[in-house]
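Reader: Hi! Could you walk me through this model? I'd like to chat about its packing and its charged pairs.

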Amino acid sequence: MNRLPEDQASALGSSLGSQPSLRDVHSINPAQLMARIETYESREKKGISDVRRTFCLFVTFDLLFITLLWIIELNVNGGIEKTLEKEVLHYDYHSSYFDIFLLAVFRFKILILAYALCRLRHWWAIAFTTAVTSAFLLAKVIISKLLSQGAFGYVLPIISFILAWIETWFLDFKVLPQEAEEENRLLLVQDASERAALLQPGLPSDGQFYSPPESEAGSDEESEEKQDSEKPVV
């Protein structure tokens with residue numbers, strides 16, 4: 001008669017299934033809680049999490065890899081000095097790869113500034129760099145003549161496009177969720193430690209209580225008998 005519908009029962013079961021982590025935290029003894037708090041605090045003192053450091057390393061790899069490919073392209077097309085003068089001093093949007101290199105420098109500066117120096121915890125910065133990169137590369141491939149200049153006309157735009165989207169995926173699905181999860185764990189552990197301190201106060205010291213020495217049974221009667229025997233007989 002009063003049964004819950006199946007969808008409500010499943011929702012109730014899922015909500016109950018999400019509670020063991022909190023119960024496990026509160027069931028840990030105070031020593032383990034303090035150890036976990038010290039672990040999380042040591043991570044905070046590092047200034048940057050391990051997963052964020054990995055992201056910054058990948059952003060640096062993006063810049064170095066695009067730079068390496070551009071230098072190889074300069075060397076293949078008639079020597080570095082001659083091709084560098086042609087692509088930089090006499091820049092032509094339709095045939096130069098210099099702008100793809102500048103695009104990698106742009107991504108590096110924005111992402112390192114936002115996520116390494118400012119330690120931003122939002123996706124807007126990488127969304128901006130990825131949108132600019134994608135729009136520029138699509139326009140360059142459509143308008144320019146890179147595809148008629150050999151293998152590098154395909155390699156540099158494709159590699160730059162792929163690296164920009166890998167950075168977006170890594171930040172949005174790895175860095176930000178993992179840091180939020182660690183912060184929630186720290187809050188749970190701190191809350192559990194405070195409750196444990198309230199529920200398990202320290203034992204009272206010896207000076208907090210005073211118990212008078214016990215008197216021996218019948219001592220009052222014996223003292224009265226002695227006083228009666230010591231009275232002089234008239």
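This is a predicted model: local features need pLDDT of at least 70, side-chain atom pairs count only at pLDDT 80 or more; totals for chains, interfaces and linings use all residues.

Reader: What share of the contacts with a separation of 6 or more comes from residues 24 or more positions apart?
Author: In the protein chain that share is 75%. Contact here means heavy atoms within 4.5 Å.

Reader: Thanks! How many helices and strands are there?
Author: The protein chain has 9 helices and 0 strands. Both are DSSP runs numbered from the N terminus, helices being H or I with at least four residues and strands E with at least two.

Reader: And how much of the chain is buried?
Author: Buried residues make up 28% of the 234 residues in the protein chain. Buried means under 20% relative accessible area, exposed means over 50%, and partly exposed is in between, with a 1.4 Å probe and protein chains only.

Reader: Let's do helix packing. How do α4 and α6 sit against each other?
Author: Their axes come within 9 Å and cross at roughly 165°. That makes α4 roughly antiparallel to α6. The axes are lines fitted to C-alpha atoms, for helices over the stretch in contact, and angles run from 0 to 180 degrees between N-to-C directions. Angles under 35 degrees count as roughly parallel, over 145 as roughly antiparallel, 65 to 115 as roughly perpendicular, and the rest as oblique.

Reader: Which hand does the crossing of α4 and α6 have?
Author: It is a left-handed crossing. A crossing is left-handed if the near helix is turned anticlockwise from the far one by less than a right angle, and right-handed if clockwise.

Reader: Who makes that contact?
Author: From α4, the residues include Phe 55, Val 59, Leu 63, Ile 66 and Trp 70, and on the α6 side Phe 101, Val 105, Phe 108 and Leu 111 are among them. By class, the contact of α4 with α6 has 16 nonpolar, 2 polar and 3 charged residues. Ala, Val, Leu, Ile, Met, Phe, Trp, Tyr, Cys and Pro count as nonpolar, Asp, Glu, Lys and Arg as charged, and the others, Gly among them, as polar.

Reader: What about α4 and α5?
Author: Helix α5 covers residues 80-89, and its axis comes within 7 Å of that of α4, crossing at roughly 110°. The two are therefore roughly perpendicular to each other, and their crossing is right-handed. Trp 70, Ile 71, Glu 73, Leu 74 and Asn 75 in α4 meet Ile 80, Thr 83, Leu 84, Glu 87 and Val 88 in α5. This contact has 6 nonpolar, 2 polar and 2 charged residues.

Reader: And α6 with α7?
Author: Those pack at an angle of about 175°, with their axes 9 Å apart, and are therefore roughly antiparallel to each other. Asp 99, Leu 103 and Phe 106 are among the α6 residues that take part, and Phe 128, Phe 136 and Lys 140 are among those of α7. The residues of this contact divide into 14 nonpolar, 2 polar and 3 charged.

Reader: Switching to charges: how many salt bridges are there?
Author: The structure holds 6 salt bridges. A salt bridge is a side-chain nitrogen of Lys or Arg within 4 Å of a carboxyl oxygen of Asp or Glu.

Reader: Which residue does Lys 140 pair with?
Author: Lys 140 forms a salt bridge with Asp 99, the closest N and O atoms being 2.6 Å apart. Lys 140 lies in helix α7 (residues 124-143) and Asp 99 in helix α6 (residues 98-117), so the pair ties together parts that are 41 residues apart in sequence.

Reader: Are those two buried or exposed?
Author: Lys 140 is buried, with a relative accessible area of 1%, and Asp 99 is buried too, at 8%.

Methods:
Residues are numbered from 1 along each chain as its sequence is written. Side-chain values use heavy atoms; hydrogens and water are left out.
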